[in-house]
Amino acid sequence: MSPYVERIDSDELLPESADVVIVGGGIVGVSAAYFLARQGKSVALIEKGHIACEQSSRNWGWCRQQNRDYRELPLSSVSMRLWDEFSKELDRDVGFRRCGLFYATDNEAQLADWAEWQPYGLENGVDTRMLSAAEIARHIPEGSRKWIGGVSSPNDGKAEPALAAPAIALGARAHGATIHQGCAARSLDITNGRVVGVNTEQGLIKADAVLCSAGAWASRFLRPHGINFPQAGVRQTAIRTKPIADVGGCLYAPGFSMTRRLDGSYTLAISGKATIDLTPQGIRYAREFLPQFKRRLKNVRLAIGSSFVTGPESLFALLRNDETIFERTRVLDPEPQQWLVRRILANVARSFPQFAGIELAGAWGALVDCSPDAVPVISKTEQVEGLVLAAGCSGHGFGMGPGIGLLAAQLLANDTPCVDATPFRLSRLVDGSPLEIGGL
């Protein structure tokens with residue numbers, strides 16, 4: 001099933017032209033639209049399904065600086081500031097709360113990794129605190145496991161995936177952007193190596209610049225234009241309870257994570273547990289992703305499923321340049337993995353007995369678009385002038401979405417970037433540069 005997301009109306013008329021066309025209505029696309037429109041740029045945002053219909057409504061909702069890769073930390077700091085500003089500037093609540101994040105572990109190596117990161121975080125202004133076993137036990141009951149310690153980040157927090165992207169999109173519209181849902185981008189219109197528009201299923205929109213923020217579909221969208229973007233989809237599962245007594249806001253432990261939503265329900269998941277479907281696109285980029293998958297192999301399952309024949313990584317997508325492929329799947333909605341649903345519930349109940357037999361509001365699958373080094377791509381493209389790519393967020397896209405959108409908007413407008421964009425360049429993935437796998 002698809003998770004709930006607040007629906008907004010589309011603008012009726014497709015514009016003949018815009019300063020910028022944005023392909024993809026997730027958190028990155030709507031944030032870029034907001035910042036560009038606020039500058040006075042004319043913006044047309046097009047989405048084949050509806051705003052936040054894929055990964056931007058299927059994540060945990062965490063907005064954090066704690067445990068960020070050093071390349072991401074400056075941009076995550078920008079994002080936290082922007083989440084605060086959204087809470088003040090938009091007419092609608094994005095659900096952002098600096099409620100603090102708590103991590104607990106019974107693994108010495110993991111605790112050592114967090115302790116090693118702490119000085120770096122402190123140097124970069126992150127309020128990060130190591131916690132003793134007794135301190136963390138006050139936040140996460142031990143149940144049948146014994147927590148040896150943890151870490152907290154009091155200034156980190158969460159936002160609501162069901163509310164955030166729609167609210168930001170409406171903020172962009174208030175500044176003049178137009179929003180077109182159920183309108184798939186089919187291809188770029190390129191003249192003399194420069195983008196001059198986007199061909200959509202409803203017609204051509206002329207444009208001086210284009211942002212591709214198409215999530216898991218980005219590699220397939222760019223490939224016919226000679227742009228090589230190594231990308232892999234990782235299938236994950238999350239569940240949502242019905243409202244229950246408060247046992248904490250945002251908690252992580254080996255075997256489960258939990259996020260309390262505004263209505264008193266919880267989103268539950270397991271960090272790192274996922275399925276990698278063997279797909280034609282995955283086979284094509286196997287060499288680029290092999291180092292990352294070797295490192296994380298113990299946490300993933302390999303499978304062959306429907307993604308081999310449908311969707312952005314399928315044989316059809318690889319072998320045929322059919323521009324209608326994007327409208328054939330309005331919403332990428334993989335089935336939740338029932339083995340993982342059962343494991344999530346069992347693991348949570350071990351620490352919180354009141355969750356045993358809890359009634360669920362639903363469960364859903366997600367396809368997380370990943371880059372080979374687990375760091376986003378936010379980059380101009382060498383092959384097509386006027387085109388910027390912002391994708392490959394590797395599960396970090398929601399919390400960092402405002403900052404990614406701002407940086408992408410600045411690259412499109414040739415403005416001074418808010419952070420050094422070099423770590424996010426596309427060329428690092430295709431020029432033979434040695435890759436450093438991100439994350440703790």
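Of the 55 residues in the largest nonpolar core of this predicted model, those that touch the most other members are Ile22, Ile51, Trp83, Val94 and Ile378. A nonpolar core is a set of buried Ala, Val, Leu, Ile, Met, Phe, Trp, Tyr and Cys residues joined through side-chain atoms within 4.5 Å; buried means under 20% relative accessible area, exposed over 50%, and partly exposed in between (1.4 Å probe, protein chains only). At least two residues of this core come from each of β1 (17-23), α1 (27-38), β2 (43-47), α2 (73-89), α5 (164-174), β11 (203-212), β20 (387-391) and α12 (397-412). Helices (H or I, at least four residues) and strands (E, at least two) are DSSP runs, numbered from the N terminus. A second, separate core of 35 residues includes Ala216, Ala218, Leu222 and Leu387. The model is predicted, and local features need pLDDT of at least 70, side-chain atom pairs count only at pLDDT 80 or more, and totals for chains, interfaces and linings use all residues. Residues are numbered from 1 along each chain as its sequence is written, and side-chain values use heavy atoms, with hydrogens and water left out.

Contact here means heavy atoms within 4.5 Å. Helix α5 is itself mostly covered, with 8 of its 11 residues buried. These buried residues are Ala164, Ala165, Pro166, Ala167, Ile168, Ala169, Gly171 and Ala172. Their cover includes α1, α2, β8 (178-181) and α12. Ala174, by contrast, also has its place in helix α5 but counts as exposed because its relative accessibility is 68%. Between the C-alpha atoms of Ala174 and Val28, which are 146 residues apart in sequence, the distance is 18 Å. The helix is followed by Gly176, whose phi is positive, near 110°.

The segment after α12 holds Leu426, which counts as buried because its relative accessibility is 6%. Leu426 and Ile227 are 199 residues apart along the chain, yet their C-alpha atoms are separated by 9.8 Å. Contacts of Leu426, not counting residues up to four places away in sequence, are with Ile227, Asn228, Phe229, Val377, Ser379, Thr381 and Leu389.

Two strands were examined for the direction of their side chains. In a regular strand the side chains alternate between the two faces of the sheet. Strand β4 (residues 101-105) is mostly covered, as 5 of its 5 residues are buried. Leu101, Tyr103 and Thr105 point one way from β4, whereas Phe102 and Ala104 point the other way. Two strands pair if DSSP finds at least two bridges between them. On this basis β4 pairs with strand β6 (residues 149-153) in the antiparallel sense over 5 bridges, and Gly149 in β6 is the bridge partner of Thr105. β4 also pairs with strand β13 (residues 250-253), in the parallel sense over 2 bridges, where Tyr252 is the bridge partner of Tyr103. In strand β16 (residues 274-277), Ala274 and Ile276 point one way and Thr275 and Asp277 the other, and all are buried. β16 and strand β17 (residues 300-303) pair in the parallel sense over 4 bridges, with Arg301 in β17 as the bridge partner of Thr275.

Ala52, with a phi of about 65°, has its place in the loop between β2 and β3 (62-63); Ala52 is buried because its relative accessible area is 2%. Asn67 likewise has a positive phi of about 65° and has its place in the loop between β3 and α2. Asn67 counts as buried because its relative accessibility is 9%.

A search of the whole structure finds 2 cavities of 30 Å³ or more. On a 1 Å grid over the protein atoms alone, a cavity is a set of points where a 1.4 Å probe fits but cannot get out, and lining residues have an atom within 4 Å of a point. Grid points are joined across faces, edges and corners, and a volume is the space filled by probe spheres set on the points. The largest cavity has a volume of about 80 Å³, and its lining includes Tyr4, Glu160, Arg240, Arg261 and Trp364. The second largest cavity, with a volume of about 30 Å³, is lined by Gly233, Asp277, Thr279, Ser307, Glu313 and Leu367.

Methods: On a 1 Å grid over the protein atoms alone, a cavity is a set of points where a 1.4 Å probe fits but cannot get out, and a pocket is an open set with protein on both sides within 12 Å along at least five of seven lines; lining residues have an atom within 4 Å of a point.
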